[in-house]
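Hi,

Here is the structure I said I would pass on.

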Amino acid sequence: MRAVATPDLLTDAQQVLQRVFGYDSFRGSQQEIVEQVIGGGDALVLMPTGGGKSLCYQIPALVRPGVGVVVSPLIALMQDQVDALNELGVKAGFLNSTQTYEQRRRTEQAFATGELDLLYLAPERLNLDSTLELLGRGEVSLFAIDEAHCVAQWGHDFRPDYLNLSVLHERWPEVPRIALTATATPATRQEIATRLELTEARHFVSDFDRPNIQYRIVPKNDPRKQLLQFLRSEHAGDAGIVYRLSRAEVERTAEFLVANGIDALPYHAGLDKEVRARHQARFLREEGLVMVATIAFGMGIDKPDVRFVAHLDLPKSVEGYYQETGRAGRDGLPSTAWMAYGLQDVVQQRKLIDLSDGGEAHRRTLSRHLDSMLALCETVSCRRTQLLAYFGQDTPVACQNCDTCLSPPESWDGTVAAQKLLSTVVRLDRERNQRFGAGQVIDILRGKKTPKIEQFRHDSLSVFGVGADLSDNEWRSVIRQLLAQRLLSVEGDYGTLVLTESSGEVLRREDPRQVLLRTEPKRVASAPKAKTAKADPQEMPAEAEPVFQKLRAWRLATAREEGKAPFIIFH
Ligand code: ADP
Ligand code: MG
């Protein structure tokens, strides 16, 4: 529904923009959004981080009669936001659990008497009848629901309190509502609209592209050293954020950077509130600080000159990744989103998913998120294109700025490698009733003479050594990509490799599915032509040959037993 605002109010909006906020003009779709809300209509705003969502509700709140009520989960930032508004002469207050009774009482009074322009509310306040009573005592000009993706139950940042937001609409059906978020796939957008009952709302979907951010993802081997090298060679003296999954790794990584002469601070939810506040303030005010943090850090942080965001562990979802990397380069200058990720990340994430409560459906959602993230990591095409496609945005051309554009990974026919690997997993399981993690499977494939693996050699496990043509790193890459393509899976505490429903398509003789794999960029540079494009007997280790005979016999027998097409191993 298109809302109509009177010309007077629109002039007011222009003037507020210039006189109060000191900006010359609206940006992107801000003006249209502001007009919609001033006119009393609802809006669902999807705009990337740093796009300028706040003005979209702040200006209408100043122009319309009454107080604009803003629901925001960013409790830690409310004081800062309100202080900044007060400095501009805007009368803003907030209500959250960090306040004293007296502070709350004063804010409530200011609201009721109409002294406020804007009232920020923590979502848990909506559980309290007293809050609803309070809102009933004053005049509300609009409801703004910031970080609206928090209402999406199966999104990546669900807050149960957000479900109570529908109360607002039921009580105050006349008051316009504006929901804002930086993370919304078409599915999440739909869920926000449904849950908030924004049936009549106009949707404003901005361009999600952040062309000044260069996306790069590298295989992880020694993450802290890789990070150090990245910082020293490309971002010496720059401010940036390094994300880690665990608090312990945050601490270790920050210490490591400091020991290597880099100004770094840790930030995670396990630190004292004062320490966190101090570190955040220093990051915002000082130049060239590196914040090593869990994802507890960053939502709502408005620092324009963050030059890089580095991930040393795999984010749980593409939405999370986009939001975290979006904190780089808000000033529009060139910035880097750099990630190191490895097999261990997949194992770890799967474990976390297995352990998570919330039921089977929830675990399936998490699993889908992880799959999309892996697909982005292992893509052979433009990362930006893939990222934007995830948000429902088509981009006609490759960006020429991400790592896959700048140093295109070659793809090679990895069917044979996949068959070797999957066969090994099958054989260990079926013949030995044993399941192994990636490390040991690789050792077996490569025929390593480690004590743990020796038994398989003497013991004539037929696949022993058939994968000596690829290096450890290459095998790890193969495994990661098979995981990303859902041709392989990991489970349990030790991250044992197991087949998936699709594995059979690769293993069966009839029309084996072709498995396209990417080479790592380094290999592209040194050896443009990938190895083992086709089954190549010359590349087989001599000890593998006698193995074939047995293998074929076994395969045929198994196949006959199961009435299925036989598995093929090499061709
Ligand atoms: P978001 O909530 O979308 O992440 P913010 O509302 O915090 O973004 O705005 C990001 C930055 O952009 C802020 O520093 C803000 O002052 C600035 N900004 C917003 N709108 C404009 C505009 N029309 N002109 C100039 N700067 C703007
Ligand atoms: Mg914001």
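Let's start with the ligand: ligand 1 sits in the second largest pocket. A molecule sits in one if more than half of its atoms lie within 2 Å of its grid points.

Before going on, please keep in mind that this is a predicted model, where local features need pLDDT of at least 70 and side-chain atom pairs count only at pLDDT 80 or more, while totals for chains, interfaces and linings use all residues. Residues are numbered from 1 along each chain as its sequence is written, chains are lettered from A and ligands numbered from 1 in the order in which they are written, and side-chain values use heavy atoms, with hydrogens and water left out.

Back to the ligand. There are 15 residues around ligand 1, and Tyr23, Gln30, Gly50, Lys53 and Ser54 come nearest (a residue counts as near if one of its heavy atoms lies within 4 Å). By type, that shell has four nonpolar, seven polar and four charged residues; here Ala, Val, Leu, Ile, Met, Phe, Trp, Tyr, Cys and Pro are nonpolar, Asp, Glu, Lys and Arg are charged, and the others, Gly among them, are polar.

Ser54 has a polar side-chain atom 2.6 Å from an oxygen atom of ligand 1. Backbone atoms take part as well: a polar one of Gly52 is 3.1 Å from a ligand 1 oxygen, and a polar one of Gly51 is 3.4 Å from a ligand 1 oxygen. On its own, ligand 1 exposes 560 Å², and the protein buries 76% of that (Shrake-Rupley method, 1.4 Å probe).

Now for a few residues elsewhere. Gln214 is in strand β8, residues 213-219 (strands are DSSP runs of E, at least two residues; helices are runs of H or I, at least four). Gln214 counts as buried because its relative accessibility is 15%, the cut-offs being under 20% for buried, over 50% for exposed, and partly exposed in between (1.4 Å probe, protein chains only).

Which residue has a positive phi although it is not a glycine? Gln400 does, at about 60°. Gln400 belongs to the loop between α15 (383-390) and α16 (403-406), and is exposed, with a relative accessible area of 54%.

Arg486 also has a positive phi, near 60°. Arg486 lies in the loop between α20 (472-484) and β15 (488-491), and is partly exposed at 33%.

Cheers

Notes:
Polar contact = N/O pair within 3.5 Å; in protein donor to acceptor, adjacent residues only side chain to side chain. 1 Å grid on protein atoms, 1.4 Å probe; cavity = no way out; pocket = protein on both sides within 12 Å on 5 of 7 lines; lining within 4 Å.
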